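Here is a short report on how two chains meet, with a note on one surface feature. Have the sequence and the 3D view to hand.

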Amino acid sequence: MTQIAPLPFYTRAQQAIADPNLQTALDRATGRMVVARKQAIAAIADGEAARDHARAVRAHTIANLGQYLDQFVEQATAAGVHVHFAADADAATQLVVDIARRHEVRRIVKGKSMVSEEIELNHALEGAGMRVVETDLGEYVIQLDKDVPSHIIAPIIHKTKEQVAETFRRELHATDADVADIAQMTAFARGRLRAEFLAADMGISGVNFGVAESGSLCLVENEGNGRLSTTMPRLHVALMGIERLVPTAADLAVALRVLARSGTGQALTVYTNVITGPRRPGDPDGPSEVHVVLVDNGRSQMLRTELEEILYCIRCGACLNVCPVYQEIGGHAYGSVYQGPVGAVYTPGAFGMGPWADLPQASSLCGACKEACPVRIDIPRMLLALRARAEEGGHTPRWVGRGLRAFRLVATRPRLFRWASTVALRLSRWLGPTGFDRLPGPLAGWTRYRHFPPMARETFTARRRRLDRRQERP
Amino acid sequence: MSDSSRVPAGRPTRVQLLVTCLVDHFAPDTAEAVVRVLQQQGLEVVVPPDQTCCGQPACNAGARPDAIAMAKHTIALLERDPAPIVVPSGSCTDMLVHQAPALLADDPAWAARASAVAARTYEFTQLLVDVLGVTSVPCDRTGTLAYHACCHGLRGVGIDAQPRQLLAHVPGATVLPLPEDDTCCGFGGLFAVKLPDISGAMLDRKCRQITASGADTIVVTDVSCAMHMQGGLHRQGRPVRVQHIAEILGGMA
Amino acid sequence: MTADLFPPALRAKLHPSGPVVPHPGPLATAPMPETPDAAIVQFTQACEAVGGRVSRAVTAAEVAAVVLGYLEAPEWRLAEGAAPFVAWEREHLPLPDVTALLQAQGARQLAATAHADQATRDVDYRRLDAAVVGLTGAQAALVDTGSIALVHGEGRARLVSLLPPVHVALVPVACLHATLGSLLVAEPGLLRASANVVVVTGPSRTADIEMTLTRGVHGPRIVHVVFVG
């Protein structure tokens, strides 16, 4: 992924915290989804068992990925799908552009696909002279605004309805009546996008799950644009990460059982599409040709390592919704297509520490993500593993490593520790008997928001030693 | 999430207190209160010498060699005595019970030693409720209390019902709900100084909820989180106190 | 053939490694309610909770009345009378005479085929886009989520349940299943049997703008399930 935000992570985070519009939007969205998730999982008697089962299915699939990928390729090909593999983003975009060119494609309609954003596909297609229209309502607005989505599931959570109305007025010449309220705006967009579906030569989609036993592509959505993009144009190209497989149809049902519930609190999304090849002889509609591009682009970097577990992810968005850090900084701050807790592991795991070392640091390790994850991924464990990599690789500020090494040298020598303790207590009580409102150097971050309390006159253990010594004297 | 397989067979008569570096240096009276409460329950409380730090800050910062060195030091000083270990901190308990064994899993000399210590290490309220079967500790605290669930204790060790039960049985005090009481306060160890603006934003949210609760005291199981929340409330001029649960049960004003 | 698709470096990583992770086997799902009537009640609760409509019918005339209700509604009726409709071929509807009855009562049925060849396809789509009601059968109804499963193919166009603002689905009572999982276990060849299977759970919706729910975004605004038999 070549897209790296121009500003460092922390600067973007600070901007996000200071943005009142974004803060309101985040509160509104994540709060509702957290409540909905708990209700939806609780609503099915087997909710917790379903999560355990979903995890086991994904773990088994990833552990045996070779077998299931081979089966998927074989079955999809037998069903008439053209199956391709792309090792990286450039290979993937090249493949799609080539397919489009070969078919003399001019107009493309696109459903939501994180992989397409990851490889920056729109950019490549537009560069080849094709017109690409995002058809998911939120993505459509993002495209018109030349903005970036801020949440996996709710891409324009950071926009108010007034901002959307303004976008429609400016880019689509909507009248006041067209954008009078949210229902009107939606109807207006429906009309505009309907024309796009009718005229498109090619539809692009993501894949929520590939089903190995039948070579099927499963796509879930609420609006209907996914169905339209994969039915109306004569050519359908699907983008799928190599890890997005389940072995059988029954396994698909298990994954779907927890997917929508965990992300938005729905029992199932409105449409669960399963595509097994192009239109068959005698079929009244459907695309004449279906392609699936299996994308690696860093996923295999994590296979068979301590980060492999992040590949179990089913992209529900629950971890974003419960994360108290995401709640404050939103998605843009991460600077990556993959945001929040999953993004903080996935991004450096797939694309390397270099520009992404900050992401695993942006966590208090509270564990809410692990608790919410429908496939019980231990994200905190992997954040710690990445922090160790960052530390060993020199990606962390010097003062942390040096400070901890010095602390460790003292903390493994009890007498030295006790001496240092006494010095620290005396010094601190002398300089700040009621605590500190300003600390120097790297510790200044504490006092920016908090009073620093006074240290004790004497530690508990020192007092104990003193009293024990007194008792020992006859 | 409480792991009941860790409860010992018989009722212990003696426990070792791992004070923790923050309690030792910033809140020694909290440790005194812990001792008082446990002695009231008929336990002998010993304080093994040479305690320094369990290594959690190093572990969380990814400084594995440093974390391992401090964890080994702590394990060695605790394993000399067979008595169960009590820790007045959910996060330090999580370090000894989960993180240290994970860090030492590939070290043949230390893996079993880490697991052995982990198997008999308990957070303070866990010891009272799960091990000793005590849900009511006599104390004359009054006023309004609200409980904040510190994250490592809650999700790492399974501490939730235990402190709530103990607080519910404080006869003179009223327990009020704290909105979003299982949402992180924003301390996160070094996170608080490495990413202070994010930590500060999380703290701000927590302080608003604390004010909304109407409680005069917030009760926690971790002095670290208490310092962070109290520090923020102090800076904002709000009169709410944040206290470790031992201070409530041990009759500290 | 697959050896060609994945490069050697990736192939090496695709081999299983580490401890064996067995497949967990089947997941027992929610049981079916005791009687078909109880099942329909539970289905109705779930379907209405997501904005769908449910009713029962025995005869083709009853179904035609439901469809005409929409075709003649003020919102959609044309100056000359009822709005047009599209439908699956009669042999794929549990009450095959419905479409003939509708035409007898003055409603025009538009052809539901979209030819593969581009020129006719454009004409086909414009025609399909004029329909107000899409009438389909269904392979199954799923009780716990209030969903219906549509298996597309010859005589069963996908766009019938997608382009018009109203979708009326006729489901035989015998086709009720407890969950999607139990359907897929009961009919293991289902996904492979068709180029496109869609499970529909209520009308099309979005909450993208300020988390405010709006129905009928790209797909139908009204989904009306009629249990037949």
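The text below covers the interface of chain A and chain B, then a patch on chain A.

This is a predicted model. In it, 63 residues of chain A are in contact with 59 residues of chain B. Helix α19 of chain A, residues 398-411, gives the most to the side that touches chain B, with seven residues.

The size of an interface is often given as the accessible area lost when the parts come together. Here the area buried between chain A and chain B is about 5300 Å². Carbon and sulfur atoms give 62% of that area. Three residues stand out: Y449(A), R450(A) and F460(A) supply 13% of the area that chain A buries against chain B, more than any other three residues.

| Link across the interface of chain A and chain B | Count |
|---|---|
| Salt bridges | nine salt bridges |
| Polar contacts, both residues at pLDDT 80 or more | 25 residue pairs |

One salt bridge joins E32(B) to R463(A). The closest N and O atoms of E32(B) and R463(A) are 2.2 Å apart.

Now the surface patch. L416(A), W419(A) and V423(A) form a nonpolar patch on the surface. Together, L416(A), W419(A) and V423(A) have about 300 Å² of accessible area. L416(A) sits in helix α20 of chain A, which spans residues 414-431.

Notes:
Residues numbered from 1 in each chain as written. Chains lettered and ligands numbered in written order. Predicted model: local features only at pLDDT ≥ 70, side-chain atom pairs only at ≥ 80, totals over all residues. Heavy atoms only, no water. Patch = residues over 30% accessible without salt bridge, like charges linked within 9 Å, V, L, I, M, F, W, Y side chains within 5 Å. Areas by Shrake-Rupley, 256 points an atom, 1.4 Å probe, with all protein chains shown as cover. Salt bridge = Lys/Arg side-chain N within 4 Å of Asp/Glu carboxyl O. Helix = DSSP H or I, 4+ residues; strand = E, 2+ residues; numbered from the N terminus. Contact = heavy atoms within 4.5 Å. Buried area = accessible area lost by both parts, 1.4 Å probe. Polar contact = N/O pair within 3.5 Å; in protein donor to acceptor, adjacent residues only side chain to side chain.
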